[in-house]
Amino acid sequence: MYTRAVAAADASGRAARDAQDMVIGFIIGCEIAFWAVLAVGLLLRYPLRRPRAGAAVLAAVPLVDLVLLVACAADLHGGATAGPRHALAALYLGFSLAFGPSMVRWADVRFAHRFAGGPAPQKPVDKRAHEWRLFGLAAIAWAITCALLGVGIWWIGDPARTVALKAGAGQVSLVLAIWFVVGPLLTSNTSGRKQSTSKTKRR
């Protein structure tokens with residue numbers, strides 16, 4: 001009986017590790033797929049001169065996130081206890097949905113400049129406004145991540161199985177707070193000091 005119990009525990013442990021590896025693999029695969037789909041879409045749009053086909057491929061970029069969402073939902077639906085992998089997946093989805101469109105635009109400008117004679121990419125003139133824009137996207141990513149974690153907690157409905165999701169909400173909130181301090185707050189203070197110094201010199 002002891003041998004059977006040990007074998008069952010080992011099997012359960014292997015299943016949990018396999019599920020964890022599956023979700024982590026999906027996260028890595030989705031990141032690779034995002035850039036692959038983006039590259040194919042832009043190659044079709046500019047070097048191959050097939051803008052409609054390129055637009056169709058680029059429109060499929062959000063489907064990559066849908067694959068990860070379905071994989072996590074299937075894992076949890078199978079009775080898995082929510083772990084750090086699920087919180088990480090929610091974080092990835094949040095940042096992908098928030099920053100994905102701007103990343104597509106960033107790549108599109110560079111492909112257009114390289115292959116279609118478009119204008120050269122411009123660096124942000126107002127660094128403070130740029131940092132606030134990035135923080136705004138980070139806040140959207142935080143909101144999406146927390147919403148996904150909240151839906152997961154509600155859907156599972158078992159506090160013992162959702163500890164990692166609750167911890168994930170606190171961790172992503174800490175990340176957002178740190179982003180605010182080292183991003184727009186620090187930039188605003190630095191810009192203010194530079195403006196004050198410049199005014200003093202002019203006097």
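Is Trp 132 buried, partly exposed or exposed, and at what relative accessibility? Trp 132 counts as partly exposed, at 38% relative accessibility, where buried means under 20% relative accessible area, exposed over 50%, and partly exposed in between, with a 1.4 Å probe and protein chains only.

1. Basis of the note. This is a predicted model, in which local features need a pLDDT of at least 70 and side-chain atom pairs count only at pLDDT 80 or more, whereas totals for chains, interfaces and linings use all residues. Residues are numbered from 1 along each chain as its sequence is written, and side-chain values use heavy atoms, with hydrogens and water left out.

2. Confidence. The mean pLDDT of the chain is 85, and 84% of its residues reach 70 or more, pLDDT being the predictor's confidence in each residue on a scale from 0 to 100. Among the elements of the chain, the lowest mean pLDDT, 72, belongs to helix H1 (residues 2–45), and the highest, 95, to helix H5 (residues 127–156). Over residues 4–13 the pLDDT is below 50, and this stretch has zero contacts in the model beyond near neighbours in sequence, a contact meaning heavy atoms within 4.5 Å. Where pLDDT is low, the predicted coordinates should not be read in detail.

3. Overall fold. The secondary structure comes to six helices and zero strands, with helices (H or I, at least four residues) and strands (E, at least two) taken as DSSP runs and numbered from the N terminus. Read along the sequence, the pattern is α-α-α-α-α-α. Of the 203 residues of the chain, 31% count as buried, and residues 24 or more positions apart account for 74% of the contacts with a separation of 6 or more.

4. Helix H4 and its end. Helix H4 (residues 84–115) bends by about 45 degrees at Phe 99, and a proline, Pro 101, follows within four residues; the bend at a residue is the angle between axes fitted to the seven residues ending there and the seven starting there. After H4 comes Gly 117, whose phi is positive, near 70 degrees. The charged end of Arg 114 sits over the ring of Phe 115, 5.0 Å from its centre, the criterion being NZ of Lys or CZ of Arg within 6 Å of the ring centre and within 35 degrees of the ring normal.

5. Aromatic pairs. Rings of Phe, Tyr and Trp (its six-membered ring) pair if their centres lie within 6.5 Å, and planes under 30 degrees apart count as stacked, over 60 as edge-to-face and the rest as tilted; by this rule the count comes to eight aromatic pairs. The rings of Phe 95 and Phe 99 are stacked, because their centres are 5.6 Å apart and their planes lie at 5 degrees. These two residues are four apart in helix H4, so about one helical turn separates Phe 95 from Phe 99. Phe 95 is partly exposed, with a relative accessible area of 21%, whereas Phe 99 counts as buried at 12%. The rings of Trp 132 and Phe 180 have centres 5.9 Å apart and planes at 65 degrees, so that pair is edge-to-face. It links distant parts of the chain, with Trp 132 in helix H5 and Phe 180 in helix H6 (residues 163–202), 48 residues apart. Phe 180 is partly exposed, at 29% relative accessibility. Phe 95, Phe 99 and Trp 179 form one aromatic cluster.

6. Cysteines. With a disulfide defined as a pair of cysteine sulfur atoms within 2.5 Å, the count comes to zero disulfides. Cys 30 is in none, and the nearest cysteine sulfur, that of Cys 72, is 8.6 Å away. Cys 30 counts as buried, at 4% relative accessibility.

7. Positions in helix H6. Ala 164 is found in helix H6 and counts as buried at 18% relative accessibility. Leaving aside residues up to four places away in sequence, Ala 164 touches Ala 82, Gly 83, Pro 84 and Ala 87. Ala 164 and Ile 153, 11 residues apart in sequence, are 9.7 Å apart in space, C-alpha to C-alpha. Gly 170 also lies in helix H6 and is partly exposed, at 43% relative accessibility; its C-alpha atom and that of Cys 146, 24 residues apart along the chain, are separated by 9.0 Å.

8. A backbone point to check. Arg 49 has a positive phi of about 55 degrees although it is not a glycine. Most residues other than glycine have a negative phi. Arg 49 is placed in the loop between H1 and helix H2 (51–59), and counts as exposed at 56% relative accessibility.
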